[in-house]
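Subject: Handover of a structure

Dear colleague,

Please find below the structure that I am passing on to you.

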Amino acid sequence: MIRIDLHVHTTYSSDASIHPKTIVEQLYAHPFIKAVAITDHNVVEGYYKVRELASAYQDILIIPGVEVTTVNGDLVILGVAELPPKPWTVENVIDFAREREALTIAAHPYRAYGLGDLTKNYDVDVIEVLNGALASHVNKLAENLAKEMGLPGVAGSDAHHVDELWTVYTEVQASSDVDEILKAIKKGMVRVASIGKSIHF
Ligand SMILES: [Zn+2]
């Protein structure tokens, strides 16, 4: 089993202040979270920087990703380190991800810039049911959506600033390998948790 923060921004996102070096150092020092997905807004340079810095450390894993601002709301893709071609409709981004065997996650569906109930119209793989930046009732709506759609739920801090890192995480029944992790998430071999409590699905 591996514990992962599946939604983190770096200074390469225009609205975030977490330096890649800080992510690597904190992940290395963390007592049990040993992997992170870098999900900057519409850029992938932050992922490459974090990965480069992480290569000097053992036992931590950096998962490539991007949070795409689609015309209908935010969609996180994991397992790709490139941007989809525009126009960024939800369908185009999902097709792009599927062709690359990447994972699509409806990020914070019931927050501003979330897909909301429109999520039901699309073939996303996973719902973000626990977003570290949101109130519990907003996450509860996402949890209900995941149940209704029969999709796995994952957690990510959505950290934009250092003190927001690692507040919630996803436990995945996989070893420290990106492909294995993405396949396990898709199969629902996951549990979400926030620091101090864990939530079963
Ligand atoms: Zn985000």
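**Strand pairing and core**

Leu78 stands opposite Leu103 in strand 5. Please note that this is a predicted model. The strand that pairs with strand 5 in the antiparallel sense is strand 4 (residues 73-78), over four bridges. Strand 5 also pairs with strand 6 (residues 126-131), here in the parallel sense and over two bridges. In strand 6, Ile127 is the residue opposite Ala106.

In a regular strand, side chains alternate between the two faces of the sheet. Strand 5 covers residues 103-106; Leu103 and Ile105 point one way, Thr104 and Ala106 point the other way, and all are buried.

Nonpolar side chains tend to be buried together in soluble globular proteins. The largest nonpolar core here has 26 residues, of which Leu75, Ile77 and Ile127 touch the most other members. Two or more residues of this core come from each of strand 3 (61-70), strand 4, helix 3 (90-99), strand 6 and helix 4 (136-149). Helix 3 gives the largest share, five residues.

**The zinc site**

Four residues coordinate the zinc ion: His7 and His9 through NE2, Glu67 through OE and Asp158 through OD, at 2.1 to 2.2 Å. The angles among the four donor atoms run from 79 to 173°, and the site is irregular. The spacing of the donor residues in sequence is H-x1-H-x57-E-x90-D. His7 and Asp158 are both buried.

Most residues other than glycine have a negative phi, and most peptide bonds are trans.

- Asp59 is not a glycine, yet its phi is positive, about 65°. Asp59 lies in the loop between helix 2 (45-54) and strand 3, and is exposed, with a relative accessible area of 65%.
- Tyr113, also a residue other than glycine, has a positive phi near 70°. Its place is the loop between strand 5 and strand 6, where Tyr113 is exposed at a relative accessible area of 60%.
- Lys86 and Pro87 are joined by a cis peptide bond, with omega about 5°. Pro87 is in the loop between strand 4 and helix 3.

With kind regards

Methods. Residues are numbered from 1 along each chain as its sequence is written. This is a predicted model: local features need pLDDT of at least 70, side-chain atom pairs count only at pLDDT 80 or more; totals for chains, interfaces and linings use all residues. Side-chain values use heavy atoms; hydrogens and water are left out. Donors are N, O and S atoms within 2.8 Å of the metal (3.2 Å for Na, K and Ca); water is not among the atoms, so sites may look incomplete. Four donors count as tetrahedral if all angles lie between 85 and 135 degrees; four count as square planar and six as octahedral if opposite donors are over 155 degrees apart and all others between 65 and 115; anything else is irregular. Buried means under 20% relative accessible area, exposed over 50%, partly exposed in between (1.4 Å probe, protein chains only). Two strands pair if DSSP finds at least two bridges between them. A nonpolar core is a set of buried Ala, Val, Leu, Ile, Met, Phe, Trp, Tyr and Cys residues joined through side-chain atoms within 4.5 Å.
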